[in-house]
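Subject: Structure for your files

Hello,

Here is the structure I said I would pass on. My notes on the chain contact and the cores follow below it.

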Amino acid sequence: MEGRHTTPKHTAAPSGRTGMRAATAQPRRTAETPTQRQTAPERPARVREAQTIYRPDDERAERKERLAPRPEKKKRPSAAGMILRDILLVGIILVVFAFFHHVLPRITARNTVIAPKSTVVSATTPPPAETSGPAPVQQAVPENEEPPEETQEPLPEEVDLRTEWQKRFADKFTDEVIRTADSYSSPDVAVSISTYSGEYKGYYQTYYVADIYVANIENFRTRFANDQFVYYGAQDAVALSKSADAILAMNGDYCNNQRSGFLVRNGDVYYDDALTFDLCVLFHDGRVETYSPSEYDPQELLEAGPYQTWKFGPKLLDEDGKAMTSFNTTTEIIYEEAPRSGFGYYEPGHYCFVVADGRQNHARGFVLSEFAQLFEELGCTRAYNMDGGASSVLTFDGSTYNKPSGYRQLGDILLIAEISGVSREEEGTA
Amino acid sequence: MKRFLDFLPHLAACMAVALVVITILNGFNPLMAWLTSRTSRIFLFLFSTVVLASSITAIVRNSRR
């Protein structure tokens with residue numbers, strides 16, 4: 001009956017805390033005298049253990065412990081929650097990266113104008129007349145006295161003032177400005193645009209070939225957006241061509257999104273580092289060369305007198321004027337049908353701009369190998385790929401000539417214009 | 001500190017996914033300097049640091065076990 005005093009827990013749980021308590025209580029049992037041990041009747045082991053274990057203090061402590069608020073177990077997030085959290089983190093990382101990679105440089109560089117390092121002096125350009133020394137003193141002429149007639153030596157009739165290119169392409173230039181919907185000719189510039197729309201190599205294509213003849217290399221110019229070399233600077237294509245009084249203009253290589261490379265524009269050197277891309281150079285003498293990165297040395301090129309350079313690429317024709325089959329680019333875009341812009345060279349003074357529409361119903365667009373093939377068929381000896389996609393724009397006479405696949409502002413353009421800077425309005429009144 | 005150490009592998013995984021995305025974008029348009037810009041270089045350095053810290057933490061925990 002002594003077993004009634006014990007709680008069921010005590011009897012049922014010999015291990016753990018109660019077990020330990022039993023172990024600590026063991027010496028008390030050994031305090032009994034030997035006579036007691038002998039006279040006491042033999043009890044069952046279970047009852048004996050229960051008797052020794054029971055302590056009112058222990059019960060109170062245990063109750064207290066049971067009633068005490070247990071620390072809440074931490075809830076582990078579910079797998080789906082964890083994945084969602086990680087996806088969110090990936091998004092945050094990408095947004096932060098995009099901010100520092102794209103947005104912040106634009107904000108900080110918005111008003112940073114990059115000035116050219118130096119200017120390449122053409123070997124063919126005559127040196128300017130020396131202005132050092134005292135200025136010539138003009139003799140005072142009395143008011144009543146008529147100034148002596150200037151004796152001008154009559155020019156010999158044989159002297160031909162035309163440039164070499166004007167002579168070579170005499171049948172292309174005209175004495176007066178003649179302008180039609182798709183052509184322009186003057187004493188210095190001859191441009192005619194041909195539009196091809198139809199099946200090309202099994203696909204419906206539309207592309208525009210602007211055949212260009214210039215009398216001087218200065219008729220072939222480039223222009224940055226807003227006429228300043230600013231990082232990430234961009235301007236509407238038509239506004240840009242109008243601001244330059246361009247007869248014909250094509251998008252360039254968007255060189256102002258990079259802070260290195262080999263960049264010369266209108267004879268001004270901005271960067272003279274080596275590139276990993278193919279380079280296209282228009283020299284002051286009208287030649288065009290395309291180079292792989294291993295084929296040129298920046299210093300040697302500078303000495304050769306570059307007038308314009310482009311660093312988009314890749315080059316489309318080899319040294320024999322044959323279409324390249326493999327291109328120096330890692331981008332997958334070359335395998336896609338896309339709107340394309342390219343610059344072709346026949347001989348000094350004779351060039352072409354080719355713009356192909358794409359990603360539209362009237363034009364599929366060209367893969368790069370097809371585009372290279374097109375330049376070979378046109379008979380170019382050198383050809384170079386420019387920025388494409390929505391950037392592919394050809395403007396003529398102050399309006400867009402092709403059908404771009406989207407609207408994108410341009411960082412720079414290649415343009416053909418009169419050297420004299422005669423505006424269209426002045427021409428019209430002439 | 002324990003929380004941070006638990007979070008490290010997640011951070012490393014997320015940065016790795018972001019790097020994969022950036023690499024794919026670079027394939028489409030390398031001229032945008034997705035992998036060669038100063039920001040990219042800093043990102044790669046941070047990623048390497050996080051992976052290193054995460055690896056060391058994992059190694060220490062495994063050895064304690």
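**Contact between the chains**

The helices α6(A) and α1(B) cross in a right-handed sense. Please keep in mind that this is a predicted model. In chain A, helix α6 covers residues 79-108, and in chain B, helix α1 covers residues 2-28; the two pack at an angle of about 55 degrees, with their axes 9 Å apart. The angle makes α6(A) oblique to α1(B), because angles of 65 to 115 degrees would be needed for roughly perpendicular and under 35 degrees for roughly parallel.

On the α6(A) side, the residues that meet α1(B) are Asp86(A), Leu89(A), Val90(A), Ile93(A), Leu94(A) and Phe97(A). Their counterparts in α1(B) include His10(B), Ala13(B), Cys14(B), Met15(B) and Val17(B). Sorted by class, this helix contact has 12 nonpolar, 1 polar and 1 charged residues.

Taken as a whole, the contact between the chains uses 13 residues from chain A and 16 residues from chain B. On the chain B side, two elements give two or more residues each: α1 and α2 (38-64). By class, the chain B side that touches chain A has 11 nonpolar residues, 5 polar and no charged.

**Within chain B**

α1(B) also packs with α2(B), at an angle of about 145 degrees and with the axes 9 Å apart. This crossing is left-handed. From α1(B), the residues involved include Leu5(B), Leu8(B), Leu11(B), Met15(B) and Ile22(B), and among those they meet in α2(B) are Phe47(B), Val50(B), Val51(B) and Thr57(B). The contact of α1(B) with α2(B) has 12 nonpolar, 3 polar and no charged residues. Met15(B) and Ile22(B) are in this contact and also in the one with α6(A).

**Nonpolar cores**

The largest nonpolar core has 77 residues. Those with the most contacts inside it are Val191(A), Ala210(A), Ile212(A), Leu248(A), Phe353(A), Val354(A) and Ile416(A). Strand β5 of chain A, residues 203-214, gives the most to this core, with 7 residues. Leaving out residues up to four places away in sequence, Leu248(A) touches Val191(A), Ala210(A), Ile212(A), Phe353(A), Phe396(A), Leu415(A) and Ile416(A).

Another core, of 8 residues, lies apart from the largest one; among its members are Cys14(B), Met15(B), Ala18(B) and Phe43(B). Of these, Cys14(B), Met15(B) and Ala18(B) are also among the α1(B) residues that meet α6(A).

Regards

Methods: Residues are numbered from 1 along each chain as its sequence is written. Chains are lettered from A and ligands numbered from 1 in the order in which they are written. This is a predicted model: local features need pLDDT of at least 70, side-chain atom pairs count only at pLDDT 80 or more; totals for chains, interfaces and linings use all residues. Axes are lines fitted to C-alpha atoms, for helices over the stretch in contact, and angles run from 0 to 180 degrees between N-to-C directions. Helices (H or I, at least four residues) and strands (E, at least two) are DSSP runs, numbered from the N terminus. Angles under 35 degrees count as roughly parallel, over 145 as roughly antiparallel, 65 to 115 as roughly perpendicular and the rest as oblique. A crossing is left-handed if the near helix is turned anticlockwise from the far one by less than a right angle, and right-handed if clockwise. Two residues are in contact if their C-beta atoms, placed from the backbone, lie within 7 Å. Ala, Val, Leu, Ile, Met, Phe, Trp, Tyr, Cys and Pro count as nonpolar, Asp, Glu, Lys and Arg as charged, and the others, Gly among them, as polar. A nonpolar core is a set of buried Ala, Val, Leu, Ile, Met, Phe, Trp, Tyr and Cys residues joined through C-beta atoms within 7 Å. A residue is buried if 20 or more other C-beta atoms lie within 10 Å of its own, exposed if 12 or fewer, and partly exposed in between; C-beta atoms are placed from the backbone.
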